[in-house]
Amino acid sequence: MSPARNRVTPMGDIEAIPLRCAWTGNRGIVHSGREIVRFHAGDLWITCALDFRGRWHEQWQPHHYTFLYFYDEAISFAAGHRPCAECRRDRYKAYRDAWAAGLCVEVPSAKLMNRQLHGERILRGTHRRRLHRLPWAELPDGAFVLLDTSPTIVIGDQLTAWTREGYRARRARPMHGTADVITPPSSVAALRAGYPAQIDPSARA
């Protein structure tokens, strides 16, 4: 059976790729029948646990948000999502607190985070991704950059390319100059402040 179009790439695109995923989530109702018909349905983009209190929902139900899937949490951050406040309450609080610490602001509301992330992930009035120029030396583990057109994750002094088959080639991380960063700056700040994003072990292999 061909994979369904419900996997999210680091660039935030929704594609049909066969990767098994660690997280689900949504950005509203973006399907009609079994087809993805829009990029998002608002500024609430969250990442959820695959299992929560034994709940089960069938995919592609009418009038129900569209289930999307993420290979790991770092990819969900790059795509512009944040932890769900219900099924991942502890992680939501940790992310919110790290956001405040990393940006040197008061602890934000969910609405403020949604609005700020939305402005950071796509260009207003379009579906085009925003990239952000940030110094290589300031990028924390788990941040994604665009390198030679490939989404690539930062881990220590290494970079690992993401592909539609998973993480692959590694190379040394530059320590000078600036990078084209995919992960929204607010999530980069949360990672820098110590939020421990889940990263698939293959990225470090």
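Student: Where is Arg-121 found?
Tutor: Arg-121 sits in helix α3, residues 110-121; helices are DSSP runs of H or I with at least four residues, numbered from the N terminus. This is a predicted model, where local features need pLDDT of at least 70, side-chain atom pairs count only at pLDDT 80 or more, and totals for chains, interfaces and linings use all residues. Residues are numbered from 1 along each chain as its sequence is written, and side-chain values use heavy atoms, leaving out hydrogens and water.

Student: Which side chain of opposite charge is nearest to Arg-121, and how far away is it?
Tutor: Asp-43, at 5.8 Å.

Student: What does the side chain of Arg-121 reach, then?
Tutor: The backbone oxygen of Gly-80, at 2.6 Å.

Student: New topic: how many residues of α4 are buried?
Tutor: In α4 (residues 185-192), 6 of its 8 residues are buried. Among them are Val-188 and Leu-191.

Student: And at what angle do the axes of α2 and α4 cross?
Tutor: Roughly 95 degrees, and the axes come within 7 Å. That makes α2 roughly perpendicular to α4, a label for angles of 65 to 115 degrees. The contact (heavy atoms within 4.5 Å) includes Tyr-95 and Trp-99 of α2 and Ser-186 and Ala-190 of α4.

Student: What comes just after α4?
Tutor: Gly-194, with a positive phi of about 115 degrees.

Conventions. Helix = DSSP H or I, 4+ residues; strand = E, 2+ residues; numbered from the N terminus. Buried < 20%, exposed > 50% of the residue type's maximum accessible area, 1.4 Å probe, protein only. Lys, Arg positive; Asp, Glu negative; His and termini not counted. Salt bridge = Lys/Arg side-chain N within 4 Å of Asp/Glu carboxyl O. Polar contact = N/O pair within 3.5 Å; in protein donor to acceptor, adjacent residues only side chain to side chain. Axes fitted to C-alpha atoms, helices over the stretch in contact; angles between N-to-C directions. Parallel < 35°, antiparallel > 145°, perpendicular 65-115°, else oblique.
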